[in-house]
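Here is a friendly walk through a two-chain model, one part at a time. Keep the viewer open beside the text as you read.

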Amino acid sequence: MSYNLQKKSLIISFMLIPLVLLLTFTYYPAARLIYLSFTSWDGYSPVKQWVGWDNYRTIFANNETFSVLLHNMAYFAGGIVQNVVAFMFAVLLNGKLKGRNVFRTTLFLPYIMNGVAVAFMFGYVFDTNNGSLNFLLERIGVEPVSWLGTPVLVNFVLAFISAWKFMGFNMVVYLGALQSLPEDVFEAARIDGAKGRQVLRYITLPGLRRIIELNLFLTVTGALEVFDLPFVLTQGGPLNASATYVQKVVETAFHYSNFGLASAMSVILMLIVVVVVSVQRMLVLGKGD
Amino acid sequence: MIVLVAATISACGGNNKGNNGNSTPSSQAASSEAPVVTETASATASEAGAGTDISGKIVFATNRTDLIDTKFKEYAEAFRAKYPNAEVEFEALKDYESAIKLRMATAEMPDVILIPNMPNAQLPDYFAELDDLGLNDVIRFKDYKSLNGKVYGLVSGGSTTGIVYNKKAFEKAGITAVPKTLDEFYAASEKLKTAGIVPMATNYKDKWPLYGWQHVAIAMSGNPEFWNDRLKQEKAFEPEGAWAKSLSILKTIIDKGYAEKDINSTNWEQSKKDVASGRMAMYLLPNWVIPQVIENGAASEDVGFFPFPYDNSGTLTTLLTPDYFYAVSKNSKNLATAKAFVKWLIEESGHDDFSGFIPSIKTKQSTVKQLSDFLATPGLNFVEIAPDNSDAMEIQNKGQIDFNDMAQEIAVSDIAGVFDKYNKKWDEAKKALGK
């Protein structure tokens, strides 16, 4: 076998399994989803009636579908705060701090926990009558608050829980990136008399640009795809105030037996993510390199 | 997935062996139990040849994941004792409705299943007729899962909705007799509230427990076709109709503080403990909740059940609703065995009674004390709910109308406005579907 042929066969054999997996579990379902979005399939019957663009028309004719996306804004805001906090912790825990490994583990722990378990746990914290938070507030003389029952509050409460859970993950990513920054640049800056804030502004932040971009991307898609927290804690209530887009999709598919419409909604979500992420890249990070 | 495939394969294998090797007429085995029924069954035997070849392995899909290692093992043994050549395997599915629909779509349906929520028009696509089991004259809800006069599903048990209450809580509040009119009901609620007990666990936040109010509406109307008649009405949801009246009772309960302190922070699991302990007094739910309250710590004799007095007339009407229906896959490799198993489940297993349901067979008595007392309430009228009309269901799904959403919205806004909104949704969906 010639060297070239060897190289080719090696590449192909290494690529084969990941490609097959990718095709079966990502591209095939995605293609199927797009196909289903043009049918009026109810989820179980053998006939899948082709309805053309009907499902898409229905979605765009109904304002309610997109108004729930406003609820996702709370998660987006929470996600920004979460990133800032994560970054601060990362910088802090990158320095020489006593017991920093303990802090790192503690802060990362919530991310490993099961989402539904986290939801249940906070259900007990935010319960109006028996919740620990209201118990604490009452002790210091504050009237109990209906955390999950007040429409203006509920999304922020849920966003807080989500930020609590995912902050550790962002932090670890930042921490890893910080540790990979070359030490000599920092040393040179210090010799030239750069202060801590200047180092952060001109060396650390630019060095982490790619990673900030990645974390923001994860935050935005995460915010658009929230499902488990409101599903477990509020069922979208009170009166739809905390319903999210994905929850609507699931409801449409399984509760109202309209897989076709639900597929179309998922396709639209996919497009929204693509658009939002492209806009974000252009706005936040300039023209790239 | 692997287990699933394995089960299907072994089911096929079992079938072949059974058919070739051993053809003991099972009517012999069955004769001591129910000779008359068996005869009628074989007399009307259709393609299944019921009663002659009860052998092979079948799979039964159930929603009761909690019974798979206990009660269902007993059933499997008992069935085997009756039909030595047959074997039944129980498969419990989590999130039953979605899971079974996926299985139906992939044509890997177990032999016996509980029919999920689907239009009756599609029943013959999936299921075998069950008219040859000889149960048509004695079973409740015979026509509920039938099409063109043919029965495709037999009910696994029935329920009725009423007030499940903690007798100790009533005693503590000084309530001596169960309320017979709506005014008495409100008066009792007031007494409970004064005694520091939450009168009614609505479970408003969890939403689904509000479905009892639909049952009250249908009982009030006395019309089994209450929801289907929306098709004929000018307004699908009449602002003066029974549904509006039923919801106005819910609204009164919430407005007067007879419900949980914060209805947006209710907790279903906790509510069972609270009703059991007497911190909360009542549920408006079907009888299935009784054993659950008892499981959560109430003594059985402290839990009562009475028909909901929705007005002041003094006559009481209650709605009977079916639980899941057993059906046999028309592609089952062991059709006769599957049918025999359904018949056995209904007639002999006692599963309906065990689960706290009203027995499927009309003449059978419930051994649940609360239920038999409830059913024996003097002058109580019954309405047996009719199956959903598929047109009505289609419009409702298309318009994404959920009755429990309506019930939730009523609590914070006025009935006329909410009904207007849903009438509009209905009309639009109806128009879109061209019905």
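## A helix pair in chain A

In helix 8 of chain A, the residues Phe166(A), Asn170(A), Val173(A), Tyr174(A) and Ala177(A) meet Ile211(A), Asn215(A) and Gly222(A) of helix 11 of chain A. Sorted by class, the residues of this contact are five nonpolar, three polar and no charged. Please keep in mind that this is a predicted model.

How do the two helices lie against each other? Helix 8 of chain A covers residues 151-180 and helix 11 of chain A covers residues 209-224; their axes come within 10 Å and cross at roughly 165°. Angles over 145 degrees count as roughly antiparallel, and helix 8 of chain A and helix 11 of chain A are therefore roughly antiparallel to each other. The crossing of helix 8 of chain A past helix 11 of chain A is right-handed.

## Domains of chain A

Eleven residues from domain 2 of chain A and ten residues from domain 3 of chain A take part in their contact.

Which elements give two or more residues to the side of domain 2 of chain A that touches domain 3 of chain A? They are helix 3 (63-67) and helix 14 (259-285) of chain A. Helix 14 of chain A gives the most to this side, with eight residues. By class, this side of domain 2 of chain A has eight nonpolar, two polar and one charged residues.

## What the UniProt record says about chain A

An unreviewed UniProt entry lists "transmembrane region" for residues 12-30, 73-95, 107-126, 146-164 and 253-277 of chain A. Two of these spans can be checked against the model here. Residues 12-30 of chain A are 100% helix and 0% strand, with the end C-alpha atoms 24 Å apart. Residues 146-164 of chain A are 74% helix and 0% strand, and their end C-alpha atoms lie 20 Å apart.

The unreviewed UniProt entry also places the feature "domain: ABC transmembrane type-1" at residues 64-280 of chain A. In the model, residues 64-280 of chain A are 78% helix and 0% strand, and the end C-alpha atoms are 25 Å apart.

## Where the two chains meet

Now bring chain B into view. The contact between the chains takes 20 residues from chain B and 18 residues from chain A. On the side of chain B that touches chain A, the elements that give two or more residues are helix 5 (96-105) and helix 17 (403-412) of chain B. Helix 5 of chain B supplies the largest share of this side, four residues. The residues on this side of chain B divide into four nonpolar, eight polar and eight charged.

## Domains of chain B

Chain B is divided into domain 1 (2-157 + 324-357) and domain 2 (159-321 + 374-433). Their contact takes eight residues from domain 1 of chain B and nine residues from domain 2 of chain B. On the side of domain 1 of chain B that touches domain 2 of chain B, the residues are five nonpolar, two polar and one charged.

## Helix 18 of chain B and its partners

Helix 16 of chain B (residues 390-398) packs on helix 18 of chain B (residues 415-433) at an angle of about 115°, with the axes 8 Å apart. Helix 16 of chain B and helix 18 of chain B are therefore roughly perpendicular to each other, and the crossing of this pair is right-handed. Glu394(B), Ile395(B) and Lys398(B) of helix 16 of chain B make the contact with Trp426(B), Ala429(B), Lys430(B), Ala432(B) and Leu433(B) of helix 18 of chain B. The residues of this contact are five nonpolar, no polar and three charged.

Helix 17 of chain B also packs with helix 18 of chain B, at an angle of about 150° and with the axes 9 Å apart. That makes helix 17 of chain B roughly antiparallel to helix 18 of chain B. The crossing of helix 17 of chain B and helix 18 of chain B is right-handed. Here Met406(B), Glu409(B) and Ile410(B) of helix 17 of chain B meet Ile415(B), Val418(B) and Tyr422(B) of helix 18 of chain B. This contact of helix 17 of chain B with helix 18 of chain B has five nonpolar, no polar and one charged residues.

How values were computed:
Residues numbered from 1 in each chain as written. Chains lettered and ligands numbered in written order. Predicted model: local features only at pLDDT ≥ 70, side-chain atom pairs only at ≥ 80, totals over all residues. Axes fitted to C-alpha atoms, helices over the stretch in contact; angles between N-to-C directions. Parallel < 35°, antiparallel > 145°, perpendicular 65-115°, else oblique. Left-handed = near helix turned anticlockwise from the far one by under 90°. Contact = placed C-beta atoms within 7 Å. Nonpolar A, V, L, I, M, F, W, Y, C, P; charged D, E, K, R; others polar. Domains from an automatic or database assignment. UniProt positions renumbered as here; feature names shortened; annotations may be inferred.
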